[in-house]
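Keep the 3D view open as you read.

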Amino acid sequence: MDLLYPHLTVNAAGHLCIGGADAVELARQYGTPLYVMDEETVRRQCRTYRQAAAEAFGPDALPLYASKALCFAGMYKIAAEEGLGVDCVSGGELYTARYAGFPAGRIYFHGNNKTDRDIADALDMGVGTFVCDNAEELTALDRIAGEKGKVQRILLRITPGIDPHTHKAISTGRVDSKFGSAIETGQAMEIVKQALSLPHVVLCGFHCHVGSQIFDIQPFVDAARIMTDFIAAVRAETGFLASELNLGGGLGVPYTEYDRTVDYAAAIRNMAAEVRSLCADRNVPMPRVILEPGRSLVAASGITLYTVGSVKTIPGFRTYVSVDGGMPDNPRYALYQSRYTALIADRPDAPQDTRVTIAGRCCESGDLIGEDMPLQTAARGDILAVLTTGAYNYSMASNYNRLPRPAVVMVKDGQARVVVRRESYEDLVRNDIL
């Protein structure tokens with residue numbers, strides 16, 4: 001059985017282990033469904049990005065943790081301790097970062113529709129940089145900052161017009177996108193001129209993001225070329241020289257044995273070589289470079305544990321293995337038809353001798369975690385593990401069918417601790433009014 005990552009092992013009892021902790025015992029102790037993360041894997045990925053960025057782009061390069069991938073207070077604490085910045089995309093993420101004590105100056109505030117309250121709260125919090133998406137936001141930010149007697153540092157989100165050939169729902173760099181201003185249509189140059197005319201914002205540079213779950217370095221190299229060309233064009237037309245370039249995130253992670261692996265440090269070196277060469281060719285000073293990894297920092301660190309409830313074989317059709325979670329704790333199959341690796345944690349080394357559909361417990365026919373998946377023969381009471389769920393599982397979880405969201409447990413050196421408590425039924429009705 002390919003366990004995909006070195007922090008996943010099999011112990012003497014024949015059970016799956018994560019970070020040295022027995023997954024079956026974790027399920028018994030904390031209940032299921034249960035998100036489990038290996039802390040050292042997260043920290044190792046943070047250090048890989050920080051060190052590679054400093055070596056390739058220079059000591060002022062800054063990786064930001066894209067906190068939409070997995071947002072809870074403990075993740076901001078880890079990001080702060082590892083010397084990263086963070087990007088936040090909502091008032092709730094900003095509030096969580098503030099609750100965790102994250103340094104506000106290292107926060108970049110994203111979002112294509114920041115409300116006036118979002119803007120005001122971020123200004124009051126002292127957020128270091130706004131990544132402004134559109135003309136209306138710029139006007140609102142300038143007005144609210146003026147009312148507060150502040151001048152806010154900003155980047156502009158620019159659409160480079162690149163199709164990275166990922167699922168259309170996670171491709172963000174095309175001209176036809178809800179995010180940013182497109183270079184190709186002339187709107188990017190227009191919004192630059194608008195930003196330069198406003199008294200309560202200071203334009204420092206540009207941001208782009210081409211998409212997610214990308215294994216080919218070429219879209220990032222293409223984005224670097226287009227954005228460097230844009231920096232040169234803006235200087236020629238307006239005299240403004242960008243001092244900062246945010247190249248976004250999006251490098252992929254393996255979810256199955258058939259997915260490619262990515263050498264993240266090598267990818268960063270390749271991007272840096274391209275940016276340096278392009279800047280030299282265009283006589284543009286090398287900007288400070290910002291990166292925004294999210295999935296590639298946390299996805300591999302996590303697994304989700306479930307308890308099998310029923311196994312139903314329909315002769316001539318398929319076998320359903322039903323678990324006590326599903327779409328509410330992992331909506332990615334319903335949204336993107338995302339593939340996963342699953343195994344029975346009680347006996348991960350046993351042959352995967354069945355092909356199954358893993359079904360959730362919701363009253364929804366689309367409540368599936370995967371179809372035609374190889375799995376060991378399952379029975380009621382088995383602990384089923386789905387691998388690579390550290391990103392976009394807890395952060396996208398819901399209470400559909402009034403199901404409480406699972407707990408999150410962090411493992412370090414074989415010892416587990418709860419970092420997010422399991423929701424209770426009382427939590428579900430806390431805001432209800434009779």
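Start with the second largest cavity. Its lining residues divide into 7 nonpolar and 3 polar, with no charged residue in the set. The model is a predicted one. The volume of this second largest cavity is about 50 Å³. Select its lining in the viewer: Tyr35, Val36, Met37, Leu70, Gly302, Ile303, Thr389, Gly390, Tyr394 and Val408. Which element gives the largest share of that lining? Strand β4 does, with 3 residues. Two elements, β4 (34-38) and β14 (302-314), each supply at least two residues of the lining.

Now turn to the largest cavity. How many cavities of 30 Å³ or more are there? The count comes to 2. The largest cavity holds about 70 Å³ of space. Its lining includes a run of glycines, Gly248, Gly249 and Gly250, with Leu247 and Leu251 also in the list. Tyr49, Phe220, Ile268, Met271, Leu291, Glu292 and Pro293 line the largest cavity as well. By class, this lining has 8 nonpolar, 3 polar and 1 charged residues.

Leave the voids and look at helix packing. Two packed helices are described by the angle between their axes and the distance between the axes. Here the pair is α4 (residues 91-99) and α5 (residues 116-125). They pack at an angle of about 20°, and their axes lie 10 Å apart. Angles under 35 degrees count as roughly parallel, so α4 is roughly parallel to α5. The crossing of α4 past α5 is left-handed. On the α4 side, the contact is made by Gly91, Leu94, Ala97 and Arg98. On the α5 side, Asp118, Ala122 and Met125 make the contact. Together the contact residues of α4 with α5 divide into 4 nonpolar, 1 polar and 2 charged.

Note on methods. Residues are numbered from 1 along each chain as its sequence is written. This is a predicted model: local features need pLDDT of at least 70, side-chain atom pairs count only at pLDDT 80 or more; totals for chains, interfaces and linings use all residues. Side-chain values use heavy atoms; hydrogens and water are left out. On a 1 Å grid over the protein atoms alone, a cavity is a set of points where a 1.4 Å probe fits but cannot get out, and a pocket is an open set with protein on both sides within 12 Å along at least five of seven lines; lining residues have an atom within 4 Å of a point. Grid points are joined across faces, edges and corners, and a volume is the space filled by probe spheres set on the points. Ala, Val, Leu, Ile, Met, Phe, Trp, Tyr, Cys and Pro count as nonpolar, Asp, Glu, Lys and Arg as charged, and the others, Gly among them, as polar. Helices (H or I, at least four residues) and strands (E, at least two) are DSSP runs, numbered from the N terminus. Axes are lines fitted to C-alpha atoms, for helices over the stretch in contact, and angles run from 0 to 180 degrees between N-to-C directions. Angles under 35 degrees count as roughly parallel, over 145 as roughly antiparallel, 65 to 115 as roughly perpendicular and the rest as oblique. A crossing is left-handed if the near helix is turned anticlockwise from the far one by less than a right angle, and right-handed if clockwise. Contact means heavy atoms within 4.5 Å.
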